[in-house]
Amino acid sequence: MSSQQKTRASSSLTLGKGKRHLVRSYFLVSFFLVGFGILTSGLIGTYYHLSDIQEQASHLQQEIASSAAYKIEKFIEDIEGSMKAVTLSREIIASGLSPDIDFQLNKLLKLSAPVSEAFAADANGVIYKHVSRVRTIALKSKQSISSTNAFQKAIKGETFYGNVFFVQDSEPYMTITIPIERYVGEIIGVLQAQVNLRFIWDLVSSIQFGGGGHAYIVTRYGDLIAHPSISLVLKRQNLSVLDQVQKGFSDNPQTIKKTSTSVTANLHGAKVLSSFTLIPKLDWLVIIEQPMREAYHNIFEALLRTSGLLLFGVAMTLVASLLMIRRVLKPLEVLRQGAESISSGDLSYRFDVNTGDEFEIVSEEFNNMAAAIQDSHVNLEDKVERPERLQNRTRILNKEARKDLEDLNHSLEDKVQSQVQELERINRIKHFLAPQVSEAILKSDNINPFQTHRKEVTVVFIDLRGFTDFSDSHEPEEVMNVLREYHEEIGALIDKYQGTLEHFAGDGIMVFFNDPLPQEDHLELAVSMSVDIQRRVAAIRPEWQKKEYNLDVGIGLTTGFATLGIIGFEGRLEYGAIGNVPNLAARLSGEAKGGQIVIDKKTYSRIDQLIEVQPLGDLSLKGFSRPISALNIKSLKKLV
Amino acid sequence: MKDIFKSISRISILTICLLAISFLKIGVPAEEVRLVGIIGKGSEKALAARVESLKQGMMQYGYIEGENVNFEYRFADGNYELLPGLADELKNLDVDVIVAAGCPAAEAAKAVANSVPVVVYTTNPVLTGLIKSFAHPGGNITGMTLMTGSEFHSKRLELLKLITPSASLIGVLWNPKIKSHQLSLKEITNTATNMGLSILPLEAETQDDIDRAFRTISSEKPDALINFGDTIFTASRKQIADYAIANQLPTNFNHAGFIKAGILMSYGPDPVILFNRLGSYVGKILQGAKPEDLPVERPSEFDLVLNLETAEKVNITVPPEILLQATKIIK
């Protein structure tokens with residue numbers, strides 16, 4: 001049955017209302033801890049990364065700027081090289097400017113595609129020959145260029161780089177003027193070439209890096225010479241407003257740097273990371289630009305990475321917490337629902353929790369409990385079959401119950417009575433026991449003084465010597481007074497040492513120790529008491545002697561096993577000790593002279609370290625076949 | 001529990017998707033198919049190679065025929081009066097840009113330029129009123145231009161003089177119907193005078209007119225022959241070349257296409273390269289650039305092509321300077 005019922009209750013794990021904070025608190029704690037940790041480390045890492053990236057980006061740009069400047073300079077130098085080559089012709093070296101120069105100039109056009117036209121002028125600046133790709137130049141005689149800067153520089157032996165000008169106000173050109181040397185030192189004229197700068201555009205356009213990183217060239221006047229977007233050049237876009245242009249061409253020594261990187265705005269106002277390099281020879285500024293976002297894209301990536309990691313960490317935490325909570329909440333829910341089922345009457349519900357942990361144990365116990373409840377319930381059901389039978393059973397039960405009750409009453413009465421008798425009996429022992437002893441016995445559970453038992457005890461017999469003569473020779477009242485006084489003194493001392501008084505027999509008193517209450521040091525107590533009694537007697541004796549009472553006390557003391565118990569008959573009960581040991585003690589006391597405490601050898605061997613003794617030799621005692629070696633206690637070695 | 005799981009999974013997936021998008025930088029615009037109209041005075045065949053080059057130029061901007069761009073061709077086959085109507089047709093087809101090859105086509109396209117961006121290939125665009133200036137064309141027209149008239153003419157005449165030092169009368173094949181030719185003729189006449197040469201204008205509006213030109217040549221006997229660019233001359237190049245060779249007439253035509261047919265020399269920019277650059281203009285305009293922001297460019301490289309076989313046939317020794325400058329030589 002239970003296996004069927006096992007599948008009955010569903011164990012869905014729905015969160016209802018109520019006190020269900022586990023998931024939330026656990027999740028929040030984990031989330032904040034993990035999230036905070038990851039965020040902090042991510043931010044710190046990113047902060048340091050930021051400065052690294054900025055440096056990297058700047059370095060990269062400066063590298064590119066330098067390399068671009070180098071390439072452009074090289075481009076111009078190549079043209080210069082071709083020009084120089086053209087001036088080194090056999091004819092020129094031999095005889096200076098000659099018709100051969102025509103061929104040489106055409107050769108230049110052939111060699112150097114950027115050169116659109118070129119001319120050679122003599123040492124006076126008169127143009128000798130002028131060639132062009134696109135036109136014919138009719139040379140006006142005496143047309144001289146000697147006033148131009150170009151001529152004046154070149155004729156001195158230096159290359160002159162002209163300013164950039166725009167043909168059709170659109171296309172950028174420049175002139176390069178070099179000296180024509182017949183041989184070294186002999187300058188016979190100048191060669192000027194007009195360079196179509198659109199041939200630089202491919203070079204400049206090819207400088208691309210990062211995403212959107214590009215280069216362009218600007219003159220001192222803000223004219224754009226080259227740009228990946230050639231329309232800007234042909235449109236005559238002027239860039240003199242740009243920060244980089246102003247800085248790059250400034251004559252302020254502080255702002256002049258070979259290369260410099262800064263964050264600035266470009267022509268469209270967008271934020272860019274920009275570097276520039278000046279080509280001093282040409283007075284051109286090479287500017288490198290990269291959109292901020294591209295330059296620092298690593299940062300964005302790092303940030304995205306950090307956020308990704310954070311999200312991942314959060315997700316993992318969530319998953320972990322949810323899984324953990326499921327392990328806890330699910331069984332709890334199962335138990336809760338099961339308990340609910342059981343409490344609402346479905347006793348056949350059994351839990352099916354196989355988590356292998358404490359929950360399984362608990363649910364097993366739940367099952368046991370439910371089974372037990374169910375059994376009893378089933379039994380109950382059995383008994384609750386039909387109303388009449390129920391009535392019958394009730395009647396029978398009632399009868400039985402009543403009878404039981406009567407019996408119970410009877411037995412209770414008996415019990416009470418016996419208990420009362422018991423109590424009376426017990427109370428009587430107070431007569432012969434020290435009050436505290438009898439109290440202790442009454443209080444304790446396992447001491448029944450009415451039961452005879454064998455025990456090791458120390459028995460002390462106190463004999464009043466000369467009592468018989470005394471009682472003969474004195475008035476009874478006097479005897480009684482003395483006895484009373486004697487008994488009071490002795491009694492007080494017995495009480496002091498918690499001895500058990502067996503009987504007063506006129507002149508003899510028997511006291512024993514270690515019964516009915518156990519006394520571990522019963523022998524020591526007995527000895528101490530005896531010594532104390534003799535001392536007391538010794539103190540009283542002078543009085544007695546004054547009154548001419550010839551009384552003395554002799555004590556006999558023995559330790560060993562005896563049979564003890566309450567003996568006698570109703571009205572005359574006594575707590576007695578029977579056996580060799582009490583007998584011996586009695587005999588020894590008989591032998592004892594006044595002031596003596598006589599013990600046997602066996603007893604002595606037990607306490608020899610406590611007492612000073614005087615051997616009395618062997619005594620033949622009535623009731624003992626062998627002579628007993630006896631000793632007298634003179635004093636205690638130390639106080640008990 | 002499951003609800004929380006679900007909602008958190010949803011949020012996580014959403015976030016991951018957003019991250020992925022930002023990583024991948026998805027930003028591809030919707031691919032619509034653009035339409036480019038091409039209008040020319042001559043025949044389709046004459047323009048075929050150049051149109052192919054135009055399409056190549058457009059591919060650099062990501063426009064591939066059949067994928068995201070289609071072409072509409074309107075050729076007048078020599079019937080100039082059809083051109084305005086053809087331009088209108090293209091406009092009504094809602095083309096995204098019109099490419100006008102040659103001066104007549106450019107003029108016709110100008111009429112519809114306020115509705116459609118126009119890219120032209122012509123000479124003297126400023127003087128023929130197509131653009132305001134090279135740097136800032138203004139309006140809705142831009143494109144490539146052959147050399148502005150006068151300067152280039154002088155170079156061509158110079159080359160002729162180098163080949164035929166004794167030349168004094170130069171025959172010029174031109175098309176009176178083409179506005180830029182009218183300007184060029186004026187320019188070359190001035191230039192020639194400065195160079196000590198005289199010009200013999202040889203009108204030809206259609207291919208048939210070329211025969212008439214030949215007759216003028218045989219009667220006036222010029223020392224050399226050059227042309228202004230027109231498709232009718234390209235179409236009749238064999239005819240012209242044969243005639244020139246037969247009559248021992250040195251010739252200098254405007255592009256290399258003539259040389260194989262037998263023309264002695266050509267000097268000028270390579271039209272195929274120019275059309276490739278036109279493709280860049282079209283590409284830029286399709287991507288949203290305005291024609292007024294696209295400056296008009298001039299060619300920077302010029303091919304000098306020689307036919308040495310023809311040289312022999314017409315008894316011309318090509319001077320070394322010419323040989324040196326030659327970009328290509330056909331034997």
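Predicted model: local features only at pLDDT ≥ 70, side-chain atom pairs only at ≥ 80, totals over all residues.
Which residue stands opposite A:Leu557 in E18(A)?

**Entry 1: the strands around E16(A)**

I looked up A:Leu557 and found A:Ile599 standing opposite, in E18(A). Strand E18 covers residues 597–600 of chain A, and 3 bridges join this strand to E16(A), the two running parallel.

Next I followed E16(A), residues 552–569, to strand E13, residues 453–465 of chain A; these two pair in the antiparallel sense over 13 bridges. On that side, I noted A:His453 opposite A:Leu564 of E16(A).

Then I checked strand E17, residues 572–578 of chain A. E17(A) and E16(A) run antiparallel and are joined by 7 bridges. Here A:Gly568 has A:Leu573 in E17(A) as its bridge partner.

**Entry 2: chain A as a whole**

Chain A has 640 residues, of which 31% count as buried. I found 18 helices and 20 strands in chain A. I also looked at contacts with a separation of 6 or more: in chain A, 63% of them are between residues 24 or more positions apart.

The largest nonpolar core has 62 residues, and A:Ile217, A:Leu285 and A:Val286 have the most contacts inside it. Helix H2 of chain A, residues 22–87, gives the most to this core, with 9 residues.

Leaving out residues up to four places away in sequence, A:Leu285 touches A:Ile217, A:Val218, A:Val245, A:Gly248, A:Phe249, A:Phe276 and A:Leu278. Another core lies apart from this one, with 52 residues that include A:Val460, A:Ile490, A:Leu493 and A:Ala586.

Why do the buried residues of H6(A) line one face of the helix? I listed them: A:Arg198, A:Ile200 and A:Val204 are buried in H6, residues 198–205 of chain A. Looking down the axis, I saw that the buried residues fall within an arc of 125°, so they line one face.

**Entry 3: where chain B meets chain A**

Last, I turned to the two chains together. I found 33 residues of chain B in contact with 32 residues of chain A. Among the elements of chain B that give two or more residues to this side are helix H5 (149–163) and helix H12 (320–325). H1(B) supplies the largest share, 7 residues. By type, the residues on chain B's side are 16 nonpolar, 9 polar and 8 charged.

Notes:
Residues numbered from 1 in each chain as written. Chains lettered and ligands numbered in written order. Buried ≥ 20, exposed ≤ 12 C-beta atoms within 10 Å, placed from the backbone. Helix = DSSP H or I, 4+ residues; strand = E, 2+ residues; numbered from the N terminus. Arc of directions from axis to C-beta. Contact = placed C-beta atoms within 7 Å. Nonpolar A, V, L, I, M, F, W, Y, C, P; charged D, E, K, R; others polar. Core = buried A, V, L, I, M, F, W, Y, C linked by C-beta atoms within 7 Å. Pairing = 2+ DSSP bridges.
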